[in-house]
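Dear colleague,

Please find the structure below, followed by a summary of what was found in it.

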Amino acid sequence: MIAENLKALKAQIPQGVELVAVSKFHPLENIIEAYEAGQRVFGESRPQELAEKVGQADASKCPGLEWHFIGHLQTNKLKMVLPYVSLVQSVDSVHLLQEIQKWGKANDKTVSVLLEVHIGAEETKQGFHEEEVIDLLFDSEKYPNIRFCGLMAMASHTDDESVIDADFERVDGLMAYLVDLFPELSDFNQLSIGMSDDWQIAVRHGATMVRIGTAIFGSRN
Ligand SMILES: *Cc1c(COP(=O)(O)O)cnc(C)c1O
């Protein structure tokens with residue numbers, strides 16, 4: 001099933017758009033199955049679960065396997081996450097950014113991040129407001145151990161495609177604006193939008209990365 005799902009998705013997702021397989025709540029054996037079908041990048045949203053899977057996975061048998069962190073990250077969990085991921089997609093506060101900077105400095109590492117932008121209608125959604133992202137990037141030299149790679153966002157939780165369309169259009173516009181405003185941030189080029197139900201809309205609005213779980217692994221219990 002997993003291999004078939006991946007194959008079907010890869011046939012539809014345009015070249016140049018990276019598929020991140022969201023494996024949260026699914027066991028390592030499912031990840032291995034996807035890996036054997038050619039998938040390399042996996043997204044996890046809980047530090048404990050990520051750390052367990054990293055511990056279980058025999059890295060020598062999975063060359064090239066990469067983890068992205070896509071969930072809310074508490075600053076006291078950085079040690080469980082930052083050593084193992086190639087990208088933190090879900091940086092949602094200045095405080096978190098400052099703590100990642102400290103960790104990077106202490107460990108002599110540069111941490112690649114996306115800034116999570118709040119675009120959906122939900123009050124509870126995490127993420128920066130647009131003006132906050134602009135302010136923060138004006139201060140980017142305060143974070144020498146952070147590589148700013150772009151934006152991540154989630155659309156409003158709705159079946160109304162026109163709302164999702166408007167959400168993604170807005171974040172795509174913000175992305176273009178930021179790329180223009182901050183040409184010195186040469187790595188700032190990733191737009192991670194789109195999940196199982198809305199990735200087609202996201203791709204129409206400039207997604208360079210889609211984060212897909214259910215359509216690959218089935219529903220989460
Ligand atoms: C769970 C999750 C996804 C994947 O959602 P699906 O609907 O299962 O594809 C994508 N992005 C984030 C941030 C998630 O937490």
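Leu-115 is in contact (heavy atoms within 4.5 Å) with these residues, neighbours within four places in sequence left aside: Val-91, Leu-97, Phe-128, Val-133, Leu-136, Leu-137, Phe-148, Gly-150, Leu-151 and Met-152. The model is predicted, so local features need pLDDT of at least 70 and side-chain atom pairs pLDDT 80 or more, while totals for chains, interfaces and linings use all residues. Numbering runs from 1 along each chain as its sequence is written, and side-chain values use heavy atoms, without hydrogens or water.

Leu-115 also belongs to the residues with the most contacts inside the largest nonpolar core, together with Leu-137, Phe-148 and Leu-151; this core has 64 residues. A nonpolar core is a set of buried Ala, Val, Leu, Ile, Met, Phe, Trp, Tyr and Cys residues joined through side-chain atoms within 4.5 Å, where buried means under 20% relative accessible area (1.4 Å probe, protein chains only). Helix H7 (residues 161-181) gives the core its largest share, six residues; helices are DSSP runs of H or I with at least four residues, strands runs of E with at least two, numbered from the N terminus. Another core, of seven residues, lies apart from it and includes Val-20, Val-41, Leu-87 and Met-152.

Lys-24 is placed in the loop between strand S1 (18-22) and helix H2 (28-36).

Yours sincerely

Notes
Buried means under 20% relative accessible area, exposed over 50%, partly exposed in between (1.4 Å probe, protein chains only).
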